[in-house]
Amino acid sequence: MLKMFSTQLSGLFKRIQDKEELAMEDSARLLAQAIIGSGKLYIFAANEMKAVAYEAAESQEPLRKGVIWNADDNLDDISETDRFLIVSRYSTDEEAVKLGKFLAEKQIPFVAISTAGSAEEENLVNLADVHINLSLTKGLLPDEEGNRFGFPASMAALFVYYGIRFTIEEILAEYE
């Protein structure tokens, strides 16, 4: 089972890399603006995606100026020099969309990482300056009844985060 999961996970990472590489580069450029300038880089993550926020702000190698944003933080503290990274399982996550709408209205640039939801619903795909699609709509492994399990949304989001982070570090190296 672990070997099959590993194979499927490798395939997922490869698809994300192939389809979203340019979006990850665009994301890094947008987020690096806060680090190079006088802004903050806020990370809002919903549910299990908090793994990305903690990796960015609390890990052994935190992202410069990376600050975890909580849903109850004061929106008045945000300035036009700040940037946001919003991470959710699906692009239709209620809290993520609410924050995304506020940021779009205030013209605060942000990046979203999520699986694209229905185009008919309000979602991050339409609100974000850059959206990275995890394309994870079902579990990676089949069970004996034909259902799917093993839904590694946070692992996929962490893969994307590291792709963005490594590119940010390359950008920052040019300015130092």
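The model is predicted: local features need pLDDT of at least 70, side-chain atom pairs count only at pLDDT 80 or more, and totals for chains, interfaces and linings use all residues. Residues are numbered from 1 along each chain as its sequence is written, and side-chain values use heavy atoms, leaving out hydrogens and water.

**Exercise 1. Work out in what order the strands form the sheet, and which stand at its edges.**

Step 1: Helices (H or I, at least four residues) and strands (E, at least two) are DSSP runs, numbered from the N terminus. Two strands pair if DSSP finds at least two bridges between them.

Step 2: Strand β3 (residues 83-90) is joined to β4 by 5 bridges, and β4 to β5 (residues 130-133) by 4 bridges. Both pairs run parallel.

Step 3: The 5 strands form an open sheet with parallel pairing, in the order β2-β1-β3-β4-β5. At its edges stand β2 (66-68) and β5, each with a single partner strand, so one side of each has no neighbour in the sheet.

**Exercise 2. Decide whether strand β4 is buried or exposed, and where its side chains point.**

Step 1: Buried means under 20% relative accessible area, exposed over 50%, and partly exposed in between (1.4 Å probe, protein chains only).

Step 2: In β4 (residues 110-115), 6 of the 6 residues are buried, so the strand is largely enclosed by the rest of the structure.

Step 3: In a regular strand, side chains alternate between the two faces of the sheet. Here Phe-110, Ala-112 and Ser-114 point one way, while Val-111, Ile-113 and Thr-115 point the other way.

Step 4: Now look at a helix beside the strand. Helix α5 (residues 153-175) lies across β3, β4 and β5, at about 145° to β4; axes are lines fitted to C-alpha atoms, for helices over the stretch in contact (heavy atoms within 4.5 Å), and angles run from 0 to 180 degrees between N-to-C directions.

**Exercise 3. Find where Asn-47 and Lys-65 lie, and what their phi values are.**

Step 1: Most residues other than glycine have a negative phi.

Step 2: Asn-47, in the loop between β1 and α2 (50-58), has a positive phi of about 50°. Its relative accessible area is 46%, partly exposed.

Step 3: Lys-65, in the loop between α2 and β2, has a positive phi near 65°. At 35% relative accessibility, Lys-65 is partly exposed.
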